[in-house]
Amino acid sequence: MSTNKKYFGTDGIRGKVGDYPITADFVLKLGWAVGRVFAKEGRGFILVGKDTRISGYMFESALEAGLSAAGVDAKMLGPMPTPGIAYLTRTLRARAGIVISASHNPYFDNGIKFFSVEGTKLPDELEYQIERYIDSDMTTVDSSQLGKVQRVSDAAGRYIEFCKSTVPLKLDFSGMRIVVDCANGATYHIAPHVFREIGAEVVSIGVNPDGLNINEDCGATNTQALVEKVKEYRADLGIALDGDGDRLIMVDHQGEVVDGDELIYIIAKSRLKAGQLTGPVVGTLMTNLGMEHALKAEGITLMRANVGDRYVMEMLLKENGVLGGEGSGHIICLDRTTTGDGIVAALQVLSEMQVSGKSLAELKSGMQKYPMELVNVRVAKKVDINKFDSIKKAVAAVEKKLGDNGRVLLRASGTEPLIRVMVEGVNADEVVKYAHQLAEDVRNAITA
C-alpha cells in the first residue's frame, strides 16, 4: 500500500475477504465516503460493477447502501470487466465508476477500485478526501434525499460493441479459429461474443463461474488448459484473460505461450507500420531486454516505468505515448481506450495477423526473449540496499561480465519483506548462476 495513504494502495483497496478492510462494514462506510465526495459535484450517479467472485454480492449490497445513505444514485452493472466499467463510466457520463474485483487473485480475496468520469484512475486528492470521510462519523441524508438504485440492462451489449469498434470494419476474421479462456471471471459473457461477432470461430473455456473458481487453474495466470485446447482443436491461437479482463496472454498455433512483452512488440510494430505510433513504448523495470532490443531495431524507443500499470499509464501520459504495459499482460492501447484492456489488446493482435497474413508465431519471431532469473531474498525488515558498498561492487562486477547483452536489477518489494534480484542475459546458465550469486551477496551483506 502507498505510504502516504491509510487505505488506498496503487490500485484501490485489496485484501482477503473478512480481514479488515475487506469487510462488509468497511465497504458500507467506503460507499458512503465516496458518495459524500461525489455528492459535492451535484446529483449525478455512480456506476458499480464486479467480477464473479462470491463476495461480490455482499460488497455490491454494502456499496449500494453506503451510496444511498450519502444521497447518491447508483447504477448497478453486475458482472463486468474492469475496462468495461471504465468505458461505461465515461460514455454514460457517470460521476465515477466502482469496480469490485481482486483481478488475478484467488476467490477469497477481493478489492474495490475506482474510475473517474474520464475512465481513468482517481486523482490522489480525491482518494485523500475519501479517506478523510472514512475516518469520520457516518451520517444519513434526509429520507427524501436518499439515493436510488437501478440496474443497467444493456451494459454487456454496449461494451461488446465498443470492443468491436477498435478494429477496422473491413477486416474479415472468418476462417480464424480461436480458443478463448475467460478465467471463470468477468469476461465470461462478453469475450466469446466479441470474437464471434467479428467472424471468428470460437471455442470457449473458463466460462462457467460459480463464485469460487475465478482464476483457478485457468486464465492469464495459468495457461496450461488453454495450451491443451489450442492443440486439441488445432486452433490458430488462444486468448487467456484474467478474472477482471484487464490482462492478456496468448498462445500460438504451436502451443507456445506469448506473453505481454511479446504482444506489446507485435502491436508496436503494427502501429509503426500504419503510421500510428507516437511517443515511446512504455514498459517497466521488469520488461524483457529482448523487447527493448527488438524495438530499438525498428527505431522505437522503450522507456521503463516502475512496476505497476498505474506507473506505466503515468509515463505514457507524460511522454505522449499510446502503447505500454507489462509482461504479465497488462497492455494499454491509449489510442483505443483509457485503461489496460485484455479484449481490446487481443483484437489489435488479431488485426495485425489479418493485415500481414502472418501467424502469431511468425509475428512474435522478430523478438528474442532473453533468459531471466528472479531470486527473492527475504529480509527481517526494510533495508536500503543502496547503502551497501559490497552489494554495489557485486552488481557492477556482474554487469561488466554481461556487457550490453545483459541487465541486473535489485529492488525492494512494495508488498513483502523481500529484496528481488533479477538478472537477464544471453546465456541461461550464466544468468541463473549470477542471479543466485548476487542473492547470496545481498544476504551476506544484510546479515553482516
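Helices (H or I, at least four residues) and strands (E, at least two) are DSSP runs, numbered from the N terminus. This is a predicted model, in which local features need pLDDT of at least 70, side-chain atom pairs count only at pLDDT 80 or more, and totals for chains, interfaces and linings use all residues. Residues are numbered from 1 along each chain as its sequence is written, and side-chain values use heavy atoms, with hydrogens and water left out.

- Most residues other than glycine have a negative phi, and most peptide bonds are trans.
- Asn184, in the loop between β7 (177-181) and α6 (191-197), has a positive phi near 50°.
- Asn184 counts as buried at 10% relative accessibility; buried means under 20% relative accessible area, exposed over 50%, and partly exposed in between (1.4 Å probe, protein chains only).
- Ser103 sits in the loop between β4 and β5 and has a positive phi of about 55°, although it is not a glycine.
- Ser103 is buried too, with a relative accessible area of 2%.
- A cis peptide bond runs from Tyr20 to Pro21, with omega near 10°; Pro21 belongs to the loop between β1 (13-16) and α1 (24-39).

**A covered helix**

- Helix α3 (residues 82-91) is mostly covered, with eight of its ten residues buried.
- Among those buried residues are Ile85, Tyr87 and Leu88.
- The buried residues of α3 pack against β2 (45-50), β3 (73-79), β4 (96-100), β5 (109-115) and α5 (155-164).
- After α3 comes Arg93, with a positive phi near 60°.

**Two helix pairs**

- Two packed helices are described by the angle between their axes and the distance between the axes. Axes are lines fitted to C-alpha atoms, for helices over the stretch in contact, and angles run from 0 to 180 degrees between N-to-C directions.
- α1 and helix α2 (residues 55-69) pack at an angle of about 40°, with their axes 7 Å apart.
- α1 and α2 are therefore oblique to each other; angles under 35 degrees count as roughly parallel, over 145 as roughly antiparallel, 65 to 115 as roughly perpendicular and the rest as oblique.
- The contact (heavy atoms within 4.5 Å) includes Val27, Leu28 and Trp32 of α1 and Met58, Phe59 and Leu63 of α2.
- By class, this contact of α1 with α2 has eleven nonpolar, three polar and no charged residues; Ala, Val, Leu, Ile, Met, Phe, Trp, Tyr, Cys and Pro count as nonpolar, Asp, Glu, Lys and Arg as charged, and the others, Gly among them, as polar.
- Helix α8 (residues 260-273) and helix α11 (residues 342-356) pack at about 55°, with axes 10 Å apart, which makes α8 oblique to α11.
- Where α8 meets α11, the residues include Leu263, Ile266 and Arg271 in α8, and Val349 and Glu352 in α11.
- The contact of α8 with α11 divides into five nonpolar, three polar and three charged residues.

**Nonpolar cores**

- A nonpolar core is a set of buried Ala, Val, Leu, Ile, Met, Phe, Trp, Tyr and Cys residues joined through side-chain atoms within 4.5 Å.
- In the largest core, of 66 residues, Phe195, Met250, Val281, Leu323, Ile343 and Leu350 touch the most other members.
- α11 gives this core its largest share, eight residues.
- Not counting residues up to four places away in sequence, Phe195 touches residues including Ile178, Val202, Ile343 and Leu350.
- A second, separate core of 33 residues includes Val27, Val48, Leu63 and Ile134.
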